[in-house]
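Thanks for coming, everyone. Let me put it up.

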Amino acid sequence: QCDILLHVRDISHPQRVMHKDVVLTTLREAGVPESKLDACVIEVWNKIDLLPSMDYVPPEAIPVCAKDGTGMEDLLNVIDVVVCAQVGQRRTV
């Protein structure tokens, strides 16, 4: 059981859609309910530095470059919001 799951995808890979489908199918086969997949999965698009352009990023995806740290602050903020929403509070800095 999980409260949060980071699905880190190599968004530059030509088979990225198939990879996503395999991961989601595997999670479903492992018994993860659809409601958990909808509420607890944060999709992280890694390797954005290898893309020729970022024409479209769906709202459920967080674009990052682990190599140089681009987008990590945004990712940490999203994780903070999701975790705090689950426990009913907001972190104070």
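Let's start with Lys20: it counts as partly exposed because its relative accessibility is 23%. For the cut-offs, buried means under 20% relative accessible area, exposed means over 50%, and partly exposed is in between, with a 1.4 Å probe and protein chains only. Before I go on, this is a predicted model, so to speak of local features we need pLDDT of at least 70, side-chain atom pairs count only at pLDDT 80 or more, and totals for chains, interfaces and linings use all residues. Residues are numbered from 1 along each chain as its sequence is written, and side-chain values use heavy atoms, with hydrogens and water left out.

So what does Lys20 pair with? It forms a salt bridge with Glu43, and the closest N and O atoms are 3.0 Å apart. By salt bridge I mean a side-chain nitrogen of Lys or Arg within 4 Å of a carboxyl oxygen of Asp or Glu. That pair links distant parts of the chain: Lys20 sits in helix H1 (residues 16–29), Glu43 sits in strand S2, and they are 23 residues apart. Helices and strands here are DSSP runs numbered from the N terminus, helices being H or I with at least four residues and strands E with at least two.

Now, is Glu43 buried or exposed? Buried, because its relative accessibility is 7%. Glu43 has another partner too: it forms a salt bridge with Arg9, with the closest N and O atoms 2.7 Å apart. This one also ties distant parts of the chain together, Glu43 in strand S2 (residues 41–46) and Arg9 in strand S1 (residues 5–10), 34 residues apart.

Arg9 is worth a minute of its own. At 8% relative accessibility, Arg9 counts as buried. Its side chain also reaches the backbone oxygen of Arg16 at 3.0 Å. That's a polar contact, meaning a pair of N or O atoms within 3.5 Å; within protein, one must be able to donate a hydrogen and the other to accept it, and residues adjacent in sequence count only if both atoms are side-chain atoms. Leaving out neighbours within four places in sequence, Arg9 is in contact (heavy atoms within 4.5 Å) with Arg16, Val17, Lys20, Glu43, Val44, Trp45 and Asn46.

Next pair: Glu34 forms a salt bridge with Arg28, and their closest N and O atoms are 2.8 Å apart. Glu34 is partly exposed, at 39% relative accessibility, and Arg28 is partly exposed with 39% as well. Back with the other group, salt bridges that share partners join Arg9, Lys20 and Glu43 into one network. Searching the whole structure turns up four salt bridges.

Okay, zooming out. The protein has three helices and three strands, and along the sequence they follow the pattern β-α-α-β-β-α. The C-alpha trace spans about 40 × 40 × 20 Å along its principal axes. Of the 93 residues, 25% are buried. Among contacts between residues at least 6 apart in sequence, 43% join residues at least 24 apart.

Last stop is Gly88, in the segment after helix H3 (72–87). Gly88 is exposed, with a relative accessible area of 68%. From Met18, Gly88 is 70 residues away in sequence and 35 Å away in space, C-alpha to C-alpha.
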